[in-house]
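Colleague: Hi! I've got a structure open and a few quick things to ask. Could you walk me through it?
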Amino acid sequence: MRELAPDHSAARCAVDTALWDAAARARGLPLAELLTDPDVLDRAGLDRHVLSATSGATVTSYTIALDELSAMTARATAAAHLPVLKIKLGKGREFDRKAVRAIAAAAPNARLRVDANGGWTPDDVRDLLPLLVDLGVEQLEQPLPAGRPDLLAALARDCPLPIYADEDVQGPGDVAALRGRVAGINVKLMKCGGISPALATIAAARDSGLRVLVGCMIETRVGLAAGAALARLADEADLDAHMLTRADPMPPGSQERLAPDLPRLCGPGLGVPPGALPADGDPGPGRVA
């Protein structure tokens, strides 16, 4: 599939996920159960002892998207009861400083993580780090632009916060360059091309001593259910698209209620019920305004 569609990881993910769903349904198993089968782990190159080395991800973080300061503060206030908030930053030092302060004040009991989506320079990070540490931020994701693992490594050496790579990890082949340079990686099915390459990426991360965050794009319940099926093999999860969209056509659809539960579906395979596919021409999920 990589040869046929090298630039279409989401299309490869759709085919790969469908095959895994079929394999689990044929056995009458939820996909999450199949993915923790020792034989499956062995074939994926994952030491079966990985399951005893981590408790797995049990909740999802909720993203406070980069927006006007008032909108970000309002979302944080509405999500203040959630255990983990991921704050998107990278709009400029002064704005970022105000945003993280406002969100920390609006959600004083939440654990905070920051994702700059490659929008900072090393100087930005060093300038903002004292504030992030003071506010109790526990994790920093992709602070620098992708493609310079050497800069990430130099930053990580002096950074008191664990740094996770996202855009720098498109698949299993990218993990080796990050060994010893970051604390963990963000594995997204739509980014790497499906469950098979995600398993290979997780295996490479474990071999390199890296933690694993399983994440998502803006996608439907199908993709989220596939990501949630991998949660037992990960340390943390950022699977919140069902709370960031409206009109997801896949049952049970988008979710207005903000909750930390992983978006699993019940039943064999992914848990998508028969006949649940949207009719031709139905719109996909729209991003929440």
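Modeller: Happy to! Let's start with strand E6, residues 184-188: five of its five residues are buried, where buried means under 20% relative accessible area, exposed over 50% and partly exposed in between, using a 1.4 Å probe and protein chains only. Helices (H or I, at least four residues) and strands (E, at least two) are DSSP runs, numbered from the N terminus. This is a predicted model, where local features need pLDDT of at least 70, side-chain atom pairs count only at pLDDT 80 or more, and totals for chains, interfaces and linings use all residues. Residues are numbered from 1 along each chain as its sequence is written, and side-chain values use heavy atoms, with hydrogens and water left out.

Colleague: Which residues point which way from E6?
Modeller: Gly184, Asn186 and Lys188 point one way, while Ile185 and Val187 point the other way, and all are buried.

Colleague: And which strands does E6 pair with?
Modeller: Strand E5 (residues 163-165) pairs with E6 in the parallel sense over two bridges; two strands pair if DSSP finds at least two bridges between them. Tyr164 is opposite Gly184 of E6. E6 also pairs with strand E7 (residues 211-215), again in the parallel sense, over five bridges. There, Asn186 has Leu213 of E7 as its bridge partner.

Colleague: Switching topic: how many disulfides are there?
Modeller: A search of the whole structure finds zero disulfides, a disulfide being a pair of cysteine sulfur atoms within 2.5 Å.

Colleague: Nice. Where is Pro260?
Modeller: Pro260 is in the loop between strand E9 (245-246) and strand E10 (286-287). With a relative accessible area of 23%, Pro260 is partly exposed.

Colleague: What is Pro260 in contact with?
Modeller: Leaving aside neighbours within four places in sequence, Pro260 is in contact with Val59, Thr60, Leu82 and Pro83, contact meaning heavy atoms within 4.5 Å.

Colleague: How far apart are Pro260 and Lys98?
Modeller: They are 162 residues apart in sequence and 26 Å apart in space, C-alpha to C-alpha.

Colleague: Great, thanks!
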